[in-house]
Structures are given as structure tokens and as C-alpha cells.
Amino acid sequence: MVGIVIIAHGKYAEELIQTAQFIVGKIEQCVSVNVFANDGPEQIRKELQRALKDVDDGDGVLVLTDMFGGTPSNIALSFLMEGKVEVLTGSNIPMILKLATSRKEMPLKELAPFIKQYGQRNISLASEILNQRPGKEKK
Amino acid sequence: MSIVLFRVDNRLIHGQVIASWVPQLEIEAIVVADDEMARDDFAADMARLAVSEEIDLYIVPTTEVTNTIEKYRLYGKRVLVLLRDIPEASRALAAGLRISTINLGNLHFSEGKRQISPTIALDEHDVSLLRRFEEQKIEIEIRSVPTEKSRRALDLL
């Protein structure tokens, strides 16, 4: 099964996993890497390398980051390897929940774009949803 | 001089630069003066993707910074020059660049360096270069993001 590493600024990664686990229970083969302001790139790289090793059972790893162009993403990108390590930026809770429940069925190559789409589709503006309810009249 | 910001940052192009400095200073062109990044096609590609399309991005060897500014007529544009560390900054300045302030962003701790602020660690060589810059009437400020208060680096030694 595809492994999961979340790497982001501050404690975002750690908190994302904690919150997701609060909702769906323990998520196996899933670790976080926190990146703080005074961490050097070499140190971050080593931590990420260790994290990848910890969660990879041969089926590859999906690395989730907070923001393209940020240091966690930049360092994650250097590990990019087709079929083995993919990097998905702008991660959110819906993505992680979906990931936890759907990765048993899918290989990394399918899983990554699927989760990307899912994360994007699950960003909603409340008033847009309300205005789309059937039978609702526009005021 | 149109160099609006001359910044020394181990992380070169990253969140603080893209999301804070560039928009707040209305940067129109970025010159990364760094031998290592100039050789690394992958890193250069990623940097180009991270920077929005309207901003011209040049990733060149450290001492090519002045030639780059001249060649692409960047005078008259608001330019950000990025350097990886203080020795590289010194090489860029020795190549003929004239600036009034050096901004120190992120200089991470490693063996032999002393942490003088949460984001800045310096060794003896760094300090002697900084003192030399100050003698040349260049201000050395520590400021991670534009809204932070500027501090004179050598005050913190």
C-alpha cells in the first residue's frame, strides 16, 4: 500500500495527521515532518529521507506538502521519482481522509492524480452551495 | 539603482520571498546569483514554476549578476537579487554590483557558526565580510519579511 509523508511549515503536518486520525482512526504507514524557521535544508532533507524509508513497503510514497515554492515542497521535489515518490502540494484535510480510506485499492500512479482532484473538488464556498439547492428561488 | 532588495538567504526562492517580499516590494524581476543553482536544471525549473509568470526570473552564476542586469536592461525595473550566503554575496559585490543595503534572511546553523538571532547564524569569516561591507557604507539588516522590524546585524554579535 502506498505510504504517506506529510511535510509542511511549522507543525502543520503533524496537526493534519492528528486531526485526520481523530476523524478516521489510526492511519498506518503515515508520518509527518515539521519544518521550522531555523531548520537547515540538509537537516530537513535527512529527516524526509528517513520518513520516506519508514513508510515505504515497496509500493511507493505520496508526499503531501503545504505550498508549492515553499521550502518543504522544494526539498520534497528533489525526491521525486516516477512510480516511487510523488509530491502533492496544497494539502488539506479532505485529501488526507480520502487518502486514508482509498489507498489500499490504488497504485501510486493512479492514487496521486485522484487525490489531487479530490482535494480540489472539496473546496467549497458555502453561499454557492446554498444557492444551488433545488427549488431555491433567487432573492 | 533599481535593485530594490539584495537578499542573502540559504533557501533562495521560497515562501517568504514569493509570498511576502515580491508582492510587497512590487518586484518585477528576480536575479538568483548562484553557481550551484545555475548548474541545477531541475531546481531552476522548479523555481520558475514557483514564481508567477509576470516576473522575469534569471538564474545565473554568482559573478554574472552585473552582466545579467546589463544584458537584459533590468535598470528601471524593480529587481530582487538573491544570494545563498555571505561569501557568495561578497563575490557578487566584487563583480561590480553597487548596493546600499544587504538584507539577511535565513542563514542556518552549521558547525562553526554562532546563532545570533532566530534565523541568522554566522561564522568568523561571515563576520569579517560583514564588517568590510559596513566599511564600504553598506547597511546590513536582519529582516525575514518586510513587515518585521529591521535590525542592524552587527549589533547582535
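Tutor: Chain B contains six helices and nine strands, where helices (H or I, at least four residues) and strands (E, at least two) are DSSP runs numbered from the N terminus. Its radius of gyration is 15 Å, close to the 15 Å given by the globule rule for 157 residues, so chain B is as compact as a globular protein of that length; the radius is taken over C-alpha atoms, and the rule is 2.2 Å times the number of residues to the power 0.38. This is a predicted model, in which local features need pLDDT of at least 70 and side-chain atom pairs count only at pLDDT 80 or more, while totals for chains, interfaces and linings use all residues. Residues are numbered from 1 along each chain as its sequence is written, chains are lettered from A and ligands numbered from 1 in the order in which they are written, and side-chain values use heavy atoms, with hydrogens and water left out.

The C-alpha trace of chain B extends over about 40 × 30 × 30 Å along its principal axes. Of its 157 residues, 54% count as buried (under 20% relative accessible area; exposed is over 50% and partly exposed lies in between, with a 1.4 Å probe and protein chains only). Among the contacts of chain B with a separation of 6 or more, 68% join residues 24 or more positions apart; a contact means heavy atoms within 4.5 Å.

As for its surface, chain B exposes about 7700 Å², and carbon and sulfur atoms supply 46% of this area, as computed by the Shrake-Rupley method with a 1.4 Å probe. The chain carries 20 positive and 26 negative side chains, and the centres of these two sets are 5 Å apart. Lys and Arg count as positive and Asp and Glu as negative, without His or the chain ends; each charge is placed at NZ of Lys, CZ of Arg, CG of Asp or CD of Glu.

B:Arg73 belongs to the loop that links helix H4 (65-71) with strand E4 (79-83). Although B:Arg73 is not a glycine, it has a positive phi of about 50°, and its relative accessibility of 69% makes it exposed. B:Lys137 is in the loop between helix H6 (124-135) and strand E8 (139-142). This lysine, also not a glycine, has a positive phi of about 70°, and B:Lys137 counts as exposed at 73% relative accessibility.

Chain A may now be described in turn. It has six helices and four strands, arranged from the N terminus as β-α-β-α-β-α-β-α-α-α. Its C-alpha atoms occupy a box of roughly 60 × 35 × 30 Å along the principal axes, and 40% of its 139 residues count as buried. The accessible surface of chain A is about 7900 Å², with 52% belonging to carbon and sulfur atoms. There are 17 positive and 17 negative side chains in chain A, and the centres of the two sets lie 6 Å apart.

A:Asn92 sits in the loop between strand E4 (85-88) and helix H4 (93-102), and at 16% relative accessibility it counts as buried. Leaving aside residues up to four places away in sequence, A:Asn92 touches A:Leu16, A:Gly119 and A:Ile123.
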